[in-house]
Amino acid sequence: MNHSSSAAWRLGPVSGPIDPDVSSRIDVLRIILIGLIVLCHGGRFVGSDVPFAGPVVEFVLTLINRGFDCVAVPLFFCISGFLLLRKLELSPAAYASLIRKKAISIGIPFLIFNGMWIVWIFTIGSIVMFGSRSFLLEAGILRKLLGIGTSPINYPLWFLRDLLIIFFFSPIFLFFYKRLPVTGLFVLLVLWFVESPASEYSLCGFAFAFYAGGFLARRGMNLRDTAGWDKVVLPLFLVGSVVVGLQPWIGLDPYALAAVKKVYQMIGVGFFWCLSRYRWMKGSALLHSLASFSFFIFLTHEPTVSILQSRLILFWQPAGTVSQILGYFVPGLAAICLLYGLGRLLAVAVPGVYAVLSGAPLKRRMVKVPA
């Protein structure tokens with residue numbers, strides 16, 4: 001193939017920087033979404049180890065766990081696609097550079113924060129609500145390290161594993177952007193509904209969200225002026241949230257529930273984006289400071305929350321409605337505060353170590369710590 005025909009199949013990056021307002025909203029959403037994930041994992045003991053006090057608690061926690069939290073993952077994939085696919089070129093050199101960078105920024109932390117807990121379990125002992133030696137031996141050490149055919153030992157990191165898989169197929173997305181952009185979006189949407197008819201999560205669903213994020217970037221969609229979305233998105237999300245929260249009583253079959261949840265997730269992505277335009281969120285100094293350590297908090301929140309909740313229920317088993325709702329948030333909020341403090345400490349005391357742990361380039365560099 002000559003140079004001219006080869007160049008014809010290439011696709012360059014989107015020109016121009018990201019709108020500062022959009023960038024600011026993405027920044028705060030990172031910590032909001034990670035915060036929801038941490039709260040969900042930290043509140044598992046309510047409803048399992050401690051039975052629900054009543055229907056109010058069950059409704060509220062179902063709404064959070066099966067509603068708000070389930071929007072976090074597709075929105076993360078959408079944001080990743082928006083940031084990466086807008087600047088990625090359809091060329092072998094660009095693809096090789098992408099794989100190399102992601103192996104460092106995602107692959108290394110993935111292996112570190114799986115491997116360290118495997119070593120801990122075999123040398124120090126089991127971690128309650130997280131893992132044991134017999135569990136590891138039965139599942140397979142290598143499989144739990146890499147998350148092959150199962151969740152990794154540090155189970156929330158399945159997200160990073162699937163993100164790496166999606167990155168691997170990114171040239172296919174770029175090809176569709178160049179030749180059949182709308183068709184690609186439609187095909188992935190259909191595959192999401194067909195591939196996992198009884199589950200709202202699947203690789204095709206993540207690919208759809210990732211592709212959709214890049215689609216918005218490639219099409220130059222105005223994501224800054226979204227006030228007009230509120231009158232449609234907010235009521236739809238409210239209705240969907242009520243349906244999700246009432247699921248224990250409505251009793252939809254798995255296929256109907258999965259379809260409802262998929263539609264709900266798409267509306268939820270719009271909801272959180274609408275929410276992020278408000279100044280109390282996008283202008284929050286606290287949220288921006290926390291966002292600087294959001295990836296570190298995500299990487300380290302397990303087994304932190306498992307340990308905190310296992311200690312909590314030893315001396316406090318909330319029985320009432322208010323105490324159970326409060327108890328749901330305590331381990332997660334405590335973990336966020338502790339890990340934020342630890343992240344800041346490591347960034348100042350051992351910036352090179354922190355850079356590696358948090359996926360920064362391997363060369364030693366100082367990490368700017370927000371005031």
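Predicted model: local features only at pLDDT ≥ 70, side-chain atom pairs only at ≥ 80, totals over all residues.
**Exercise 1. Leucine 75**

Work out whether leucine 75 counts as buried or exposed, from its relative accessibility.

*Solution.* Step one is the value: leucine 75 has 3% relative accessibility, so it counts as buried. The cut-offs are under 20% relative accessible area for buried, over 50% for exposed, and partly exposed in between, with a 1.4 Å probe and protein chains only. Residues are numbered from 1 along each chain as its sequence is written, and side-chain values use heavy atoms, with hydrogens and water left out.

Step two is the place of leucine 75, which is helix H3. Helices are DSSP runs of H or I with at least four residues, strands are runs of E with at least two, and both are numbered from the N terminus.

Step three is the surroundings. Not counting residues up to four places away in sequence, leucine 75 touches Leu29, Leu33, Val269 and Phe272; contact means heavy atoms within 4.5 Å. Leucine 188 is 113 residues from leucine 75 in sequence, and their C-alpha atoms lie 16 Å apart in space.

**Exercise 2. Serine 80**

Find which residues serine 80 touches, not counting those up to four places away in sequence.

*Solution.* Start with the helix: serine 80 lies in H3, residues 55-85. Next comes accessibility, where a relative accessible area of 18% makes serine 80 buried. Finally, the residues it touches under that exclusion are Leu85, Leu163 and Phe210.

**Exercise 3. Phenylalanine 135 and leucine 338**

Classify phenylalanine 135 by its relative accessibility, then do likewise for leucine 338 with its relative accessible area.

*Solution.* Take phenylalanine 135 in helix H5 to begin with. Its relative accessibility is 35%, so phenylalanine 135 counts as partly exposed. Leaving aside neighbours within four places in sequence, phenylalanine 135 is in contact with Lys144 and Ile153.

Now move to leucine 338, in helix H17 (residues 321-349). Leucine 338 has a relative accessible area of 52% and is therefore exposed. From leucine 338 to glutamine 247 the C-alpha distance is 34 Å, at 91 residues apart in sequence.

**Exercise 4. Helix H7 against helix H8**

At what angle do helices H7 and H8 pack, and how far apart are their axes?

*Solution.* Two packed helices are described by the angle between their axes and the distance between the axes. Axes are lines fitted to C-alpha atoms, for helices over the stretch in contact, and angles run from 0 to 180 degrees between N-to-C directions. For H7 (residues 158-168) and H8 (residues 170-179), the angle is about 50° and the axes are 4 Å apart. That angle makes H7 oblique to H8: under 35 degrees counts as roughly parallel, over 145 as roughly antiparallel, 65 to 115 as roughly perpendicular and the rest as oblique.

Then list the partners: H7 contributes Ile166, Phe167 and Phe168, and H8 contributes Ser170, Pro171 and Phe173. By class, the contact of H7 with H8 has five nonpolar residues, one polar and no charged. Here Ala, Val, Leu, Ile, Met, Phe, Trp, Tyr, Cys and Pro count as nonpolar, Asp, Glu, Lys and Arg as charged, and the others, Gly among them, as polar.

**Exercise 5. Helix H9 against helix H13**

Which residues of H9 and H13 make the contact?

*Solution.* The residues in contact are Leu189, Trp192 and Phe193 from H9, and Ala259, Lys262, Val263, Gln265 and Met266 from H13. Sorted by class, the contact of H9 with H13 has six nonpolar, one polar and one charged residues.

**Exercise 6. Backbone check**

Where is methionine 129 found, and what is its phi?

*Solution.* Most residues other than glycine have a negative phi, and most peptide bonds are trans. Methionine 129, not a glycine, has a positive phi of about 70°. Methionine 129 is found in the loop between helix H4 (92-123) and helix H5 (133-139). With a relative accessible area of 27%, methionine 129 is partly exposed.

For the peptide bond, look at glutamate 302 to proline 303: it is cis, with omega near 10°. Proline 303 has its place in helix H16 (residues 294-315).
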